[in-house]
Amino acid sequence: MIGQIVNTEPLTGKKATKDQVLSRLNSVSLVHIAAHGREETGEIILSPNLPGSDRPKEEDFLLTSADVLNAKLRAKLVVLSCCNSGRGVIKSEGVVGIARTFLGAGARSVIVSLWAIDDKATPAFMKVFYEHLAAGQSASTSLHQAMKWMRKSKLFKAVKQWAPFLLIGDDVTLTLGQQR
């Protein structure tokens, strides 16, 4: 759905291996990752590099802060549509986790989830968010519009469904639908 809105071919399912994701991170202006996130750390679980393996090792599927730092991003916006992607270790300088790592690796802004996200509400939220983003609105305005739409809907008005997402970093505007 998001690929259609932004006019690009996404990596999905078994094609979204850790190696494939890492190989593309440094060449795009928009990164959207919809995957499972570890509750404790916010690290992201991708498809394993060795899809036929019965018991893949964590380094074959877990996207860690070290992996992201080595990627040298150019992205204006990273959207982590993953449970708990805003989590990390609380230190004097704030929450240090995967979201902060994306910023440290070069991303200008990151959208994260502060808690486990709803499997039905999140696609609806992201559809509205990306429609506004593709229309030329800023990330913060698009996020606000998606939240506003969710609050007014009959199906997704519960706070837990529309409030987990947070923008960290610059309020970027993208030119979508023209990149490949």
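A nonpolar core, as used in this note, is a set of buried Ala, Val, Leu, Ile, Met, Phe, Trp, Tyr and Cys residues joined through side-chain atoms within 4.5 Å. Buried means under 20% relative accessible area, exposed means over 50%, and partly exposed lies in between (1.4 Å probe, protein chains only).

This is a predicted model: local features need pLDDT of at least 70, side-chain atom pairs count only at pLDDT 80 or more, and totals for chains, interfaces and linings use all residues. Residues are numbered from 1 along each chain as its sequence is written, and side-chain values use heavy atoms, with hydrogens and water left out.

1. **The main core.** The largest nonpolar core has 29 residues. Leu 77, Phe 125, Phe 129 and Tyr 130 have the most contacts inside it. Helix H1 (2-6), E4, H5, helix H6 (139-152) and E8 each supply at least two residues of this core. H5 gives the largest share, eight residues. Helices (H or I, at least four residues) and strands (E, at least two) are DSSP runs, numbered from the N terminus.

2. **The second core.** A separate core of 21 residues also exists. Val 21, Val 31, Ile 33 and Ala 105 are included in it.

3. **The sheet.** Six strands form an open sheet, in the order E3-E2-E1-E4-E7-E8. The pairing is mixed. Two strands pair if DSSP finds at least two bridges between them. Strand E3 (62-63) and strand E8 (165-169) stand at the edges. Each has a single partner strand, so one side of each is left without a neighbour in the sheet.

4. **Neighbours of E4.** E1 and E4 run parallel and are joined by six bridges. Here His 32 stands opposite Val 79 in E4. Strand E4 (residues 77-82) also runs parallel to strand E7 (residues 109-113), with two bridges between them. In this pair, Val 78 stands opposite Val 110 in E7.

5. **Burial of E4.** Six of the six residues of E4 are buried, so the strand is largely enclosed by the rest of the structure. Leu 77, Val 79 and Ser 81 point one way from E4. Val 78, Leu 80 and Cys 82 point the other way.

6. **Helix H5.** Helix H5 (residues 121-134) lies across strand E1 (30-37), E4, E7 and E8. H5 runs at about 165° to E4. Axes are lines fitted to C-alpha atoms, for helices over the stretch in contact, and angles run from 0 to 180 degrees between N-to-C directions. The length checks out: at 1.5 Å a residue, the 14 residues of H5 should span 20 Å, and its end C-alpha atoms are 20 Å apart. The expected span is 1.5 Å times one less than the number of residues in the helix. Buried residues of H5 include Ala 121, Phe 125, Met 126, Phe 129, Tyr 130 and Leu 133. Gly 136, whose phi is positive, near 100°, follows H5.

7. **Tyr 130 and Leu 30.** Leaving aside its neighbours within four places in sequence, Tyr 130 is in contact with Ile 2, Ile 5, Val 6, Leu 30, His 32 and Val 79. Contact means heavy atoms within 4.5 Å. Leu 30 is found in strand E1. Leu 30 is buried, with a relative accessible area of 14%. Leu 30 and Asp 54 are 24 residues apart in sequence and 32 Å apart in space, C-alpha to C-alpha.

8. **Cysteines.** The structure holds zero disulfides. A disulfide is a pair of cysteine sulfur atoms within 2.5 Å. The sulfur of Cys 82 is 7.9 Å from its closest cysteine sulfur, in Cys 83, which is too far for a bond. Cys 82 counts as buried at 0% relative accessibility. Cys 83 counts as buried at 18%.

9. **A buried loop residue.** Thr 17 lies in the loop between H1 and helix H2 (18-25). At 10% relative accessibility, Thr 17 counts as buried. Not counting residues up to four places away in sequence, Thr 17 touches Leu 46, Ser 47, Pro 48 and Asn 49.

10. **Positive phi outside glycine.** Lys 72 is not a glycine, yet has a positive phi of about 50°. Lys 72 sits in the loop between helix H3 (65-71) and E4, and is exposed, with a relative accessible area of 59%. Asn 84 is not a glycine either, and has a positive phi of about 65°. Asn 84 is found in the loop between E4 and strand E5 (89-91). At 5% relative accessibility, Asn 84 counts as buried.
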